[in-house]
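User: I am new to this structure and would like to learn how its features are read. Please give the general idea each time, and then the case at hand.

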Amino acid sequence: MILPGATLGVVGGGQLGRMFALRAREMGYQVVVLDPGAGSPAGAVADHQIQAGYDDADGLRELADRCDAITTEFENVPAGALAALARRRPVHPSAEAVAIAQDRIAEKTALAAAGFSLAPWHPVRSAQELAAAAAAVGGPALLKTARLGYDGKGQAAVESGADADAAWAELRRVPCVLERRLTLELELSVVLARGEDGTVAAFPAGENRHADGILDTTVVPARVDASTAAAAQGIATGLAAAWGYVGVMGVELFVAEGGRIFVNEVASRPHNSGHYTMDACGVDQFEQQVRSLCALPLGRPDLLRPAAMANLLGGIWAGGTPRWDRALALPGVRLHLYGKSQARPGRKMGHLNCVAATADEALATVLEARRRLTP
């Protein structure tokens with residue numbers, strides 16, 4: 001076990017690293033962040049920031065020298081950098097798990113090999129594979145870049161096989177996957193933590209709604225029957241076990257075709273849809289990240305009250321400073337801002353959480369709170 005008083009490292013200086021650092025410091029740890037940007041959101045609340053690239057040898061060496069264990073806040077950290085750190089310090093999640101999650105072809109191949117249900121898909125790395133994919137998958141479909149796509153970026157719609165080449169050209173002919181576009185009944189996610197001893201603590205399934213490819217709201221408990229909620233947790237738990245995963249993981253799921261559950265994507269880190277845990281659960285996803293990294297017992301992921309989360313994107317600032325007082329006047333509403341200096345349309349700047357007597361009441365209140373932020 002790595003006990004309070006030790007120093008924890010986090011690769012990445014964004015909002016997930018910030019929330020990890022705040023929780024770790026509350027628990028008595030020191031925190032060092034590695035990020036190339038000056039004054040990163042995580043670096044601003046850490047004990048020290050190493051300003052260096054994620055593959056900078058000197059920066060990685062300093063991080064290993066300063067820290068007792070190291071984690072990552074996003075999945076696009078070079079896996080080789082994590083592997084190098086792991087030769088000197090405990091690193092969770094592992095370089096192998098991150099490498100799978102940062103490449104859609106590798107991820108879908110691993111999920112299919114482990115027996116999880118996926119929307120029909122096919123890799124696209126050449127003109128020949130594109131033709132085979134269009135024939136096998138059909139339409140409507142989505143062409144997604146294998147790497148670096150997030151929040152709806154790196155995607156192009158394919159209505160029929162005739163559209164496939166134009167869509168691939170739009171994505172600059174980088175490696176992609178072509179995936180059948182399911183008629184969704186619901187989008188769910190499960191955030192869980194898994195320890196080195198195989199213990200798993202899964203939070204309740206969240207019900208998600210996206211806008212323009214970006215998560216907009218999460219409602220917990222998801223408004224589904226108990227068997228669907230349990231099945232979603234079981235899929236996520238089984239996936240973490242199949243990968244031998246250690247750390248916090250977010251598993252995005254589709255409900256379609258008469259209630260079947262399909263795995264969409266896996267995030268090898270805390271997940272945006274798990275932010276409700278900061279105010280609604282006995283332990284939140286960032287404390288679980290600390291606990292799993294340090295080989296401490298995982299906390300109980302019990303939901304204390306129904307909750308809803310609403311993302312705050314940069315467009316809210318277009319008319320000036322948001323009216324925080326009007327939002328916070330509503331019962332059960334809490335504000336979490338990420339310390340980003342510039343608000344841009346589509347950029348995640350923070351989120352609102354609301355706890356209430358029912359999931360419907362929590363969602364209605366958090367949406368009203370967000371509406372009150374602008375005139």
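User: In which order do the strands of the open sheet with parallel pairing lie?

Analyst: Strands of a sheet pair through backbone hydrogen bonds, either parallel or antiparallel. In this predicted model, where local features need pLDDT of at least 70, side-chain atom pairs count only at pLDDT 80 or more, and totals for chains, interfaces and linings use all residues, the order is E3-E2-E1-E4. Residues are numbered from 1 along each chain as its sequence is written, and side-chain values use heavy atoms, with hydrogens and water left out. Helices (H or I, at least four residues) and strands (E, at least two) are DSSP runs, numbered from the N terminus. Two strands pair if DSSP finds at least two bridges between them.

User: Which strands does helix H2 lie across?

Analyst: Helix H2 (residues 57-66) lies across E1, strand E2 (30-35), E3 and E4, at about 160° to E3. H10 lies across E1 and E4 and runs at about 140° to E4. Contact means heavy atoms within 4.5 Å. Axes are lines fitted to C-alpha atoms, for helices over the stretch in contact, and angles run from 0 to 180 degrees between N-to-C directions.

User: How is the packing of H1 and H10 described, and at what angle do they pack?

Analyst: Two packed helices are described by the angle between their axes and the distance between the axes. Helix H1 (residues 15-26) and helix H10 (residues 285-293) pack at about 70°, with axes 8 Å apart. H1 is therefore roughly perpendicular to H10; angles under 35 degrees count as roughly parallel, over 145 as roughly antiparallel, 65 to 115 as roughly perpendicular and the rest as oblique. The contact is made by Leu16, Met19, Phe20, Arg23 and Ala24 of H1 with Phe286, Glu287, Gln289, Val290 and Leu293 of H10. These residues divide into 7 nonpolar, 1 polar and 2 charged (Ala, Val, Leu, Ile, Met, Phe, Trp, Tyr, Cys and Pro count as nonpolar, Asp, Glu, Lys and Arg as charged, and the others, Gly among them, as polar).

User: Which strands form the open sheet with antiparallel pairing?

Analyst: This sheet has 4 strands in the order E5-E8-E6-E7. Its edge strands are strand E5 (121-124) and strand E7 (155-158), each pairing on one side only, and the twist averages 20° from one strand to the next. Strand E6 (residues 141-145) is joined to strand E8 (residues 176-180) by 5 bridges, and Leu142 stands opposite Glu179 in E8. Helix H5 (residues 104-113) lies across E5, E6, E7 and E8, at about 50° to E8.
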